[in-house]
Amino acid sequence: MTLSHDPLWPRAGGWPAPRDAEGWDAVILGVPAWRTSLSPTGAHATPAAVREALQRYSPTLLGPPPTDLSEALRIADAGDIASPDGPEGEASVRAAVRELSADARLVIALGGDNSATYAVAQGAQATGLITIDAHFDLRDGVSNGSPVRRLIEDGLDPRRIVQLGIADFANSVAYAQRAADLGITVVSLDEVRRRGAADVIAEALDIAGGGGGGIHLDVDVDVCDRSVAPGCPASVPGGLAAWELRALVRAAASDPRLRSADIVEVDATADAPDGRTVRLAALCVLELLAGKAVAA
């Protein structure tokens, strides 16, 4: 990718590697998990693609006043976990996120498929979880369809889990009943759209953040309409608009209790020729940073 150069128009991305005890506002970490995906995927190629796509954007919030996120925040990029799948890979993810969380206000994991959520949330020692996802992710077994169930089985209180965007025709009665029996708060796709980002995120933060502790945000891009997310194997027509996802992400990141987030389920190898899904994932990175800047 060859992009024009203008010293008065800086580009996002290209952030330095973290150094010890620097007090980072945000650290990026690639978690290219893919081996347990229920659908064929090239999601392991996505972290690199998102980093490249970030270069297409400016890190500027218009404000007022206009703000350069790269100047307003201390942002670092810790590279990728080499092999994040399987028990040993998940242990590596947990250890890396735990170490980064000690010195950063927010750790942003670039997936990879949704299985990454399990180890990232545990590494951040999250006590609450918000998912923006068309699916419950409560399946049995170990896959990109099971991270929420696995977190609950390992001790996460389901009463502090909120799932936003759960969609018709993308789930089963059995898993819907499982979510209800566990006490998970479910806000359907139609309800998210009817109530708006500010309202549903405020409620989600109160539930997930109740009792103290940090919150993990799972941003599964397949919650979006397939026209804007063709690179998500499970996206369907009628999902969220790109602007709706971006609004939800920024609103969630504006709360200091949000300590970690993942952006998952984008297969960069299956994207449209214009790279629209990867570009949306890159914009979600910037929206997370924008939320932290607004909060600061």
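This briefing covers helix packing, charge-over-ring pairs and backbone features of one structure. The model is predicted: local features need pLDDT of at least 70, side-chain atom pairs count only at pLDDT 80 or more, and totals for chains, interfaces and linings use all residues. Residues are numbered from 1 along each chain as its sequence is written, and side-chain values use heavy atoms, with hydrogens and water left out.

**Helix packing**

- Helix H1 (residues 46-54) packs against helix H10 (residues 276-295) at about 70°, with axes 8 Å apart. Axes are lines fitted to C-alpha atoms, for helices over the stretch in contact, and angles run from 0 to 180 degrees between N-to-C directions. Helices (H or I, at least four residues) and strands (E, at least two) are DSSP runs, numbered from the N terminus.
- H1 and H10 are therefore roughly perpendicular (65 to 115 degrees; under 35 is roughly parallel, over 145 roughly antiparallel, the rest oblique).
- H1 brings Ala49, Val50, Ala53 and Leu54 to the contact, and H10 brings Val278, Arg279, Ala281, Ala282, Val285 and Leu286. Contact means heavy atoms within 4.5 Å.
- By class, the H1 contact with H10 holds nine nonpolar, no polar and one charged residue. Ala, Val, Leu, Ile, Met, Phe, Trp, Tyr, Cys and Pro count as nonpolar, Asp, Glu, Lys and Arg as charged, and the others, Gly among them, as polar.
- Helix H3 (residues 86-101) and helix H4 (residues 116-123) cross at roughly 40°, their axes coming within 7 Å. That makes H3 oblique to H4.
- Residues in the H3 and H4 contact include Glu90, Arg94 and Arg98 of H3 and Tyr118 and Gln122 of H4. Five nonpolar, three polar and three charged residues make up the contact of H3 with H4.

**Charges and rings**

- The charged end of Arg74 sits over the Trp24 ring, 4.8 Å from its centre. The rule asks for NZ of Lys or CZ of Arg within 6 Å of the ring centre and within 35 degrees of the ring normal.
- Arg150 lies over the face of Tyr118, 3.7 Å from the ring centre.

**Backbone features**

- Pro64 and Pro65 are joined by a cis peptide bond, with omega about -5°. Pro65 is in the loop between strands E2 (60-61) and E3 (67-68).
- Gly112 is in the loop between strand E5 (104-111) and H4.
- Gln125, a residue other than glycine, has a positive phi near 55°. Gln125 lies in the loop between H4 and strand E6 (126-132).
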